Amino acid sequence: MAPVPMTPIKVGHIYDVQELRSATPTVIPERCIRDMADERPTKATPQPSIHNIPIVDLSNLFEGDEDQFQRELIKLGTSCQEWGFFQVVNHGIDKELLERMEKLTKEFFMLPLEEKKKYTMEPGTIQGYGQAFVFSEDQKLDWCNMFALGVEPQFIRNPKLWPAKPENFSETLVEYSTHIRKLCQNLLRFIARGLSLKEEVFNEMFAVAVQAVRMNYYPTCSRPDLVMGLSPHSDGSALTVLQEAAGSPVGLQILKDDTWVPVQPVPNALIINIGDTIEVLTNGKYKSVEHRAVVDMEKDRLSLVTFYAPSYEIDLAPLPEFINENHPSKYKKYNHGEYSRHYVTNKLQGKKALEFAKIQTKLSS
C-alpha cells in the first residue's frame with residue numbers, strides 16, 4: 001500500500017456499522033444516507049442476454065492441450081477487453097486454505113470492538129481497521145467495516161496492525177497471500193500471451209510487486225436503498241482478486257454498458273478484475289471497470305480482496321505495441337508510487353483517479 005502523507009486530517013466521527021446495526025438496527029445516520037437519487041443503489045438487473053461475467057477455466061491454460069489452451073486464451077482476452085471482470089475456476093488454490101482464511105477473517109470481524117480498535121486505521125491512511133478513503137468531515141460514509149493490511153514487499157507491512165487474535169490469523173494470511181501472488185503472476189503471463197507480448201513482460205516490469213489485502217464486512221441495513229456498501233470506483237492495481245465468503249448475498253455490481261450488473265459468484269471461483277495499471281499499459285485496449293458494493297436487508301456479506309500492483313519505484317506508460325498513428329498514446333509516463341499516493345489520498349469517485357495519468361488534449365480554437 002502506497003505511503004501517504006501524515007498531515008492531520010479531520011474526518012469527523014466514523015461509524016462502526018456493525019456496532020450501529022446492533023445498537024440501533026433501524027437507525028441510519030444522516031452521514032450514511034446518499035444525497036442524490038443517482039448516488040443511491042437501484043436494484044440492478046442483468047440484461048436478458050447476460051447471465052454473468054465470463055468464467056475462465058485455468059486448468060485449460062495450466063494443463064490443457066493446444067486447442068484447449070488457445071480457446072481459453074481467447075476467452076481470457078475477450079473477458080479482459082469486453083468486461084474487465086471474469087471469474088476463474090480450477091485456479092490451483094486449495095479450497096481448505098480459502099475456507100480457513102475466510103473463517104479467520106469472519107472471526108476477526110466478530111471480535112469485540114475494543115479488541116478491533118487496537119488496530120485502528122488512522123485518518124488519511126489505508127491500513128488497519130475502520131474505513132478508508134475518508135478525507136473530510138462531511139464526506140458520505142460507506143456501509144462497511146474494513147480491515148486492510150500491506151503484505152508484500154515486507155517493508156509496507158505495519159506489524160502493529162497485524163492482529164494477535166484470532167489465533168493463526170497472520171500466518172494464514174501470509175500463506176494465503178503467497179498463493180494469490182502466484183495466481184496473479186500466472187494470470188499476467190496468460191494475459192501477456194493473449195496480447196501477443198512476451199510471456200514475462202508484466203512480471204519483469206513490475207519488479208517486486210506490491211500486494212495488499214482488504215477485508216470487507218457489510219452488515220445488514222434496514223434501508224439498503226439509501227446507503228452504499230462501497231462507493232463506485234476502479235482499482236489502481238494491475239489485477240484485483242476477490243474472494244466472496246460462502247453464503248454471502250450478491251453485493252458486487254459492475255458498470256457494463258451504462259448498466260449496473262450484479263455479479264453472482266460461482267462456487268470455489270475467484271473474481272478477477274483489471275486495474276488502472278493494465279489499462280495504461282495496454283493504452284486502453286483493456287480497461288479498468290467501475291464497480292461498487294451494495295448491501296442487503298437480511299444477510300451480512302464478507303469479502304476478501306487482494307490488490308496486486310507494480311513496485312512503487314517503476315515508471316509506467318503505454319507499451320509501444322499499443323501505440324500507432326491510429327491509436328496515439330492516451331496516457332503519459334508517470335511513476336507508479338506517485339500514482340498510488342494520488343489514488344489513496346482521494347475519495348473513491350468512479351474512474352476519476354485515472355485522470356492523473358491521462359494526456360490532456362487541447363481543443364483547437
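**Close-up views of a predicted model**

**View 1. The loop that holds E30.** E30 sits in the loop between α1 (17-23) and β1 (55-57). The model shown here and in the other views is predicted. With a relative accessibility of 57%, E30 counts as exposed, because the cut-off for exposed is over 50%. The C-alpha atoms of E30 and I191 are 44 Å apart in space, and the two residues are 161 residues apart in sequence.

View 2. N90 is located in the loop between β2 (85-89) and α4. N90 is not a glycine, yet its phi is positive, at about 50°. The relative accessible area of N90 is 47%, which makes this residue partly exposed.

**View 3. Helix α4 and its N-terminal cap.** Helix α4 covers residues 95-109, and its 15 residues should span 21 Å at 1.5 Å a residue. The end C-alpha atoms of α4 are 21 Å apart, in agreement with that value. The N-terminal end of α4 is capped by D94, which has a side-chain oxygen 2.9 Å from the backbone nitrogen of E96. The buried residues of α4 include L97, L98, M101, E102, L104, T105, F108 and F109. Viewed down the helix axis, the buried residues of α4 fall within an arc of 165°, so they line one face of the helix. An α-helix has 3.6 residues a turn, so residues three or four places apart point the same way.

View 4. The loop between β4 (145-152) and α6 (169-194) contains P153. E152 and P153 are joined by a cis peptide bond with omega of about -10°. P166 also lies in the loop between β4 and α6. The peptide bond from K165 to P166 is cis, and its omega is near -5°.

View 5. S196 belongs to the loop between α6 and α7 (201-206). The phi of S196, a residue other than glycine, is positive and near 60°. S196 has a relative accessible area of 68% and is therefore exposed.

**View 6. Strand β12 and its two partners.** In β12, 9 of the 9 residues are buried, so this strand is largely enclosed by the rest of the structure. R301, S303, V305, F307 and A309 point one way from β12, while L302, L304, T306 and Y308 point the other way. In a regular strand the side chains alternate between the two faces of the sheet. Strand β5 (residues 210-218) pairs with β12 in the antiparallel sense over 9 bridges. In this pairing, Q211 stands opposite Y308 of β12. Strand β7 (residues 239-244) also runs antiparallel to β12, and 6 bridges join the two strands. L242 has V305 of β12 as its bridge partner.

**View 7. The annotated stretch, residues 201-310.** The unreviewed UniProt entry places the feature "domain: Fe2OG dioxygenase" at residues 201-310. Over residues 201-310 the chain is 11% helix and 41% strand. The end C-alpha atoms of this stretch are 12 Å apart.

**View 8. The hairpin of β8 and β9.** Strand β8 (residues 252-256) and strand β9 (residues 259-262) pair in the antiparallel sense, over 4 bridges. L255 is found opposite W260 of β9. The hairpin has 2 residues between the strands, and D257 takes a positive phi near 55°.

View 9. T282 lies in the loop between α8 and β11 (291-293). T282 is buried, with a relative accessible area of 1%. Its side chain reaches the backbone oxygen of E279 at 3.4 Å. Apart from neighbours within four places in sequence, T282 is in contact with L195 and F322.

**View 10. Helix α9 and what packs against it.** In helix α9 (residues 336-344), the buried residues are H336, G337, Y339, S340, Y343 and V344. These residues cover an arc of only 160° around the axis, which puts them on the same side of α9. The elements that the buried residues of α9 pack against are β6 (230-233), α8 (276-281), β12 (301-309), β13 (315-316) and β14 (334-335). At the start of α9, N335 has a side-chain oxygen that reaches to within 2.9 Å of the backbone nitrogen of G337.

Key. Residues are numbered from 1 along each chain as its sequence is written. This is a predicted model: local features need pLDDT of at least 70, side-chain atom pairs count only at pLDDT 80 or more; totals for chains, interfaces and linings use all residues. Side-chain values use heavy atoms; hydrogens and water are left out. The expected span of a helix is 1.5 Å times one less than its number of residues. Buried means under 20% relative accessible area, exposed over 50%, partly exposed in between (1.4 Å probe, protein chains only). The arc is that of the directions from the helix axis to the C-beta atoms. A polar contact is a pair of N or O atoms within 3.5 Å; within protein, one must be able to donate a hydrogen and the other to accept it, and residues adjacent in sequence count only if both atoms are side-chain atoms. Two strands pair if DSSP finds at least two bridges between them. Contact means heavy atoms within 4.5 Å. UniProt positions are given in the numbering used here, feature names are shortened, and annotations may be inferred rather than shown by experiment.
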